[in-house]
Amino acid sequence: MKNKTLFECIECGFQGAKYFGKCPQCDSWNSLVEIKASKDERGEVTRDVKAVKLNEIDNLEIKREVTGIDEFDRVLGGGIVPDSIVLIGGEPGVGKSTLVMEVAGILTKRDKKILYYSGEESAVQIKLRANRLSVDSGNILLLTMGTLEDLKSAVEEQKPDYLIIDSIQTINSGKGPVIPGSVSAMKYITAEIIKLAKSNHITAFITGHITKDGHIAGPKTLEHMVDVVLYFQGELRSDLRILRAEKNRFGAINEVGIFEMTKDGLMPINDPSLIFLQHRKSAESGISIFPAMNGLRSILVEIQSLVTESPFTGNPRRISVGFDSYRMSMLISIIEKKLKLPFYKSDVFLNIAGGMTVKETAGDLAAVATLVSSYKNITVPKDLIIIGEVGLTGEVRPVSFIENRVKEGLRQGFSKFIVPYSQAGIRKSLQGTPQVKNMSLIPVENLYDFYKNLTT
Ligand SMILES: Nc1ncnc2c1ncn2[C@@H]1O[C@H](COP(=O)(O)OP(=O)(O)OP(=O)(O)O)[C@@H](O)[C@H]1O
Ligand SMILES: [Mg+2]
């Protein structure tokens, strides 16, 4: 066994043989600390671990535990997969502890045994929260401010079905190769918890803090280790909370769960389109409505743009929130070329209202509509929905899930739809929908065609 000295950045986990005042990876100052690393020349061979043929393994059907919190189950891919490890990341105060406590409350009603570790709140604080959320805490075992070793012996003694670690940043170990609080300590502890959970058939929820400006030290570094990574987002000043899957070994990752934070806990919002639309009395420039797909569910979102004269000649600002900035730049160039509208003197801001994101190319045409609308100071009719991808030559291309998108628009009372020309046949497939009689469908072939429809 060889011992050598290593330096590790406590911000991002960078390791190097030399000390640096500034971390070469994340540029943090004075963040490198010395650690002792041992390096085995050759790892031990575990005699009872043997390779087996894949087809000799029994087919086990996964029986998911459906919590009944629809928004949570959906993001997990249809309920909790037994023995899975779920990481829930989020900014401080967003509601991670609330979510895991509510889930614990449901599971405990089904006679599941839950071990709840908290390293940042006292037992009284947790009890108060459980009371506020009307969680019957009788069967929830609480362990506060302990170490990994305490946790291990509690698991051995209590044999819980579920383990909740709140949060991964607040659990330390007396052993392990590195200093407490560092990224490698967190990785080590997570790996130990995963081993503990998998070998005892325990499902584990682990919460973790992330910071506003980046997720470096936080759960990002743990993502590859766990089965499911959920991020909980929301503006602390508003009550809206969005739960998103960043990684899911058992389901799709484009599902979102939408909640409202109330004094009684997180309330699922079943009709999210209502939340993201303003329902303005009059139309305003720079706004259009787009039915975004989140998994199999369509949610109407408001795309907003602000195009103003730039004070910085030759170097205008291009800022997008919730929309890919490269895609926005590309759309601006297409508008300039095809519609002959010069944007080079304009600052451009594009935003998806309410903290939602639009990652699909199907939102291109709606984004173009807001850009043109703000630039020309014309309004997009407020009963109009715009769907379509825009190609580099200005052609409007077909999109996926057109039927779900149009249906959601109709359901929310919209009657006019601009759609790709090649998908004009959508009316036929919507025949059964009652609102389709009053629907006006405007198929467009290219950007020029679209612009004509928008301005006349
Ligand atoms: N009495 C209350 N009424 C309404 N909302 C409340 C009440 N108490 C707490 N909250 C909400 O709960 C949030 C805190 O939730 P929680 O403690 O679950 O967050 P967290 O993500 O675990 O935070 P931390 O990073 O501190 O662990 C507060 O920001 C607030 O929005
Ligand atoms: Mg908490």
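Ligand 1 is surrounded by 13 residues, and the closest of these are Pro-92, Lys-96, Ser-97, Thr-98 and Lys-263. Helix H2 (96-109) and strand E11 (256-262) are the elements that give two or more residues to this shell. The model is a predicted one. Its protein chain has 456 residues, of which 38% are buried, and its secondary structure comes to 11 helices and 21 strands.

**Ligand shell**

- The largest share of the shell around ligand 1 comes from H2, which supplies 3 residues.
- By class, the shell around ligand 1 holds 4 nonpolar, 7 polar and 2 charged residues.

**Overall chain**

- Taken along the principal axes, the C-alpha atoms of the protein chain fill a box of roughly 75 × 55 × 50 Å.
- Of the contacts in the protein chain with a separation of 6 or more, 67% are between residues 24 or more positions apart.

**Packing of H8 against H11**

- Helix H8 (residues 364-376) packs on helix H11 (residues 447-455) at an angle of about 55 degrees, and the two axes are 11 Å apart.
- H8 is therefore oblique to H11.
- The crossing of H8 and H11 is right-handed.
- On the H8 side the contact is made by Leu-365, Val-368, Ala-369 and Val-372, which meet Leu-447, Phe-450, Tyr-451 and Leu-454 in H11.
- The contact of H8 with H11 consists of 8 nonpolar residues, with no polar and no charged ones.

**Packing of H7 against H8**

- Helix H7 (residues 325-339) and H8 have axes that come within 10 Å and cross at roughly 65 degrees.
- The crossing of H7 and H8 is right-handed.
- Met-328, Leu-331, Ile-332 and Ile-335 are the H7 residues in this contact, and they meet Asp-364, Ala-367, Val-368, Leu-371 and Val-372 in H8.
- The contact of H7 with H8 has 8 nonpolar residues, no polar residues and 1 charged residue.

**Backbone geometry to check**

- Most residues other than glycine have a negative phi, and most peptide bonds are trans.
- The peptide bond from Asp-166 to Ser-167 is cis, and its omega is near 5 degrees.
- Ser-167 lies in the loop between strand E7 (162-166) and helix H5 (183-199).
- Met-145 is not a glycine, yet its phi is positive, at about 50 degrees.
- The loop that holds Met-145 runs between strand E6 (140-144) and helix H4 (148-158).
- Met-145 counts as partly exposed because 15 other C-beta atoms lie within 10 Å, a count between the limits of 12 or fewer for exposed and 20 or more for buried.
- His-201, also a residue other than glycine, has a positive phi near 55 degrees.
- The position of His-201 is in the loop between H5 and strand E8 (203-209).
- His-201 has 10 C-beta neighbours inside 10 Å and so counts as exposed.

- Ser-320 is part of strand E15 (residues 318-321).
- Not counting residues up to four places away in sequence, Ser-320 touches Ser-325, Met-328 and Leu-350.
- Gln-304 is 16 residues from Ser-320 along the chain, and their C-alpha atoms are separated by 9.9 Å.

- Thr-221 sits in the loop between E8 and strand E9 (228-233).
- With 18 other C-beta atoms within 10 Å, Thr-221 is partly exposed.
- Apart from neighbours within four places in sequence, Thr-221 is in contact with Gly-13, Val-183 and Lys-187.
- Thr-221 and Lys-187 are 34 residues apart in sequence, while the distance between their C-alpha atoms is 7.6 Å.

Conventions: Residues numbered from 1 in each chain as written. Chains lettered and ligands numbered in written order. Predicted model: local features only at pLDDT ≥ 70, side-chain atom pairs only at ≥ 80, totals over all residues. Helix = DSSP H or I, 4+ residues; strand = E, 2+ residues; numbered from the N terminus. Contact = placed C-beta atoms within 7 Å. Near = placed C-beta within 6 Å. Nonpolar A, V, L, I, M, F, W, Y, C, P; charged D, E, K, R; others polar. Axes fitted to C-alpha atoms, helices over the stretch in contact; angles between N-to-C directions. Parallel < 35°, antiparallel > 145°, perpendicular 65-115°, else oblique. Left-handed = near helix turned anticlockwise from the far one by under 90°.
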